[in-house]
Amino acid sequence: MTFDQTRWVWRNGEIIPWSEANTHVSAHALHYGSGVFEGMRCYETPDGPAVFCLDAHLERLYNSASVYGIEIPYTRAELADAICDCIQRNEFNSCYVRPLCYYGSSTLGLHPAKCPVEVVVLTWPWAAYLGAASLERGVRVTISPWLKFHSQMMPTTAKACGQYVNSILAVRDAVSRGFDEALLLDTEGHLAEGSGENLFIVRNRKLLTNDERHSILLGITRQVVMQIANELGYPVETGALRPDDLLGADEAFFTGTAAEVTPICEVDGVPIKSGRRGPVTRRIQENFFAATGGRDPRYRHWLHPVRQPVMSA
Ligand SMILES: Cc1ncc(COP(=O)(O)O)c(C=O)c1O
């Protein structure tokens, strides 16, 4: 992943060159992680580039901001336009999209009282998050020694900058021990989620996943996959998942905007069933990419065109 191709950034209402999109070292968020963000993807479709689930991501951004008392000085429509502008100015057909709202510089007291709210949108091309081969071959995960924090410690359903140091610790540990990704348990020993992904298990052609009672971020891809699975006739059950459920699963996969739908082939060196992507995961993936690529009319409403079609007179 590089930022080489990004030339423009949207900041506080205007598009500025990448080289000018700097922030001061006294920014509150730099010291304490006091910001909220989103991760979205823009996909190439037959009708041009389109942002997948833009409304749902903006909804979560404003909810995360409200939990932290961050007042975003733009409407959702203005931010949606900002995102589209930024993609267009950079001339991307597909890219990752990162809106970020954070407390800037005024005080370094913990209460960010007078800090201005800064809003930026970054865009850059980002291929398969867990590596080019991961979508087909799957990833090798380890159960992390770091637990996912409980929702009474931090609001797990909010996507806030500082909360991600928990994920960073987990993924660094996993990679240092030769794994692709970490799987975190909650404080009660149930499976929570990956460092940046939700978890699904497949058993007897049924999908099992957990929910906010297990300290997860309620993923938008998770919701999309639940709907796709239902329409494919796979029942989806939500409840607590134990490490044993994963080891005894027929298939397992991660979901996330960055990771999309990524099979999990191995847990701490133990293969899940055949250790290969299973048939249910493959069907879910095919349907997911048909939706993101604008090739399935049932799911067109999930795509927000970057270039609004010009109305003919
Ligand atoms: C901790 C965590 N869980 C789950 C997800 C998946 O969420 P989404 O599908 O909305 O990208 C993400 C990614 O944003 C994440 O960071």
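Buried residues are those under 20% relative accessible area, exposed residues are those over 50%, and partly exposed residues lie in between, with a 1.4 Å probe and protein chains only. By this criterion Glu 260 counts as buried, because its relative accessibility is 7%. The structure is a predicted model, in which local features need pLDDT of at least 70 and side-chain atom pairs count only at pLDDT 80 or more, while totals for chains, interfaces and linings use all residues. Residues are numbered from 1 along each chain as its sequence is written, and side-chain values use heavy atoms, with hydrogens and water left out.

The surroundings of the ligand are described first. The ligand is surrounded by 15 residues, the closest being Lys 159, Tyr 164, Glu 193, Thr 221 and Thr 257; a residue is near a molecule if one of its heavy atoms lies within 4 Å of it. The residues of this shell comprise three nonpolar, eight polar and four charged. In this division Ala, Val, Leu, Ile, Met, Phe, Trp, Tyr, Cys and Pro count as nonpolar, Asp, Glu, Lys and Arg as charged, and the others, Gly among them, as polar.

Polar contacts are pairs of N or O atoms within 3.5 Å; within protein, one atom must be able to donate a hydrogen and the other to accept it, and residues adjacent in sequence count only if both atoms are side-chain atoms. Arg 60 places a polar side-chain atom 2.9 Å from an oxygen atom of the ligand. For Ile 220, a backbone N or O atom lies 2.7 Å from a ligand oxygen atom. In the side chain of Thr 257, an N or O atom is 2.6 Å from an oxygen atom of the ligand. The ligand taken alone exposes 390 Å², of which the protein buries 95%; accessible areas come from the Shrake-Rupley method with a 1.4 Å probe, and for residues only the protein chains shown count as cover.

The largest pocket is the space taken by the ligand. On a 1 Å grid over the protein atoms alone, a pocket is an open set of points with protein on both sides within 12 Å along at least five of seven lines, whereas a cavity is a set of points where a 1.4 Å probe fits but cannot get out; lining residues have an atom within 4 Å of a point. A molecule sits in either if more than half of its atoms lie within 2 Å of its grid points. Two or more residues of the shell around the ligand are given by helix 6 (220-232) and by strand 14 (251-256). Helices (H or I, at least four residues) and strands (E, at least two) are DSSP runs, numbered from the N terminus.

Thr 209 is found in strand 12 and is buried, with a relative accessible area of 0%. Its side chain reaches the backbone oxygen of Leu 199 at 2.6 Å. The loop between strand 12 (206-209) and helix 6 holds Ser 215, and Asp 211 is found in that loop as well. Asp 211 is buried at 8% relative accessible area, and its C-alpha atom is separated by 32 Å from that of His 28, 183 residues apart along the chain. Ser 215 is buried at 2%, and a polar atom of its side chain lies 3.4 Å from the backbone oxygen of Phe 149.

Most residues other than glycine have a negative phi. Ser 215, although not a glycine, has a positive phi of about 65°. A positive phi, near 55°, is also found in Glu 260, which is placed in strand 15 (residues 260-267).

Further positions complete the description. Ile 284 lies in helix 8 (residues 279-292) and counts as buried, at 0% relative accessibility. Gly 278, in the loop between strand 16 (270-271) and helix 8, is buried at 9%.
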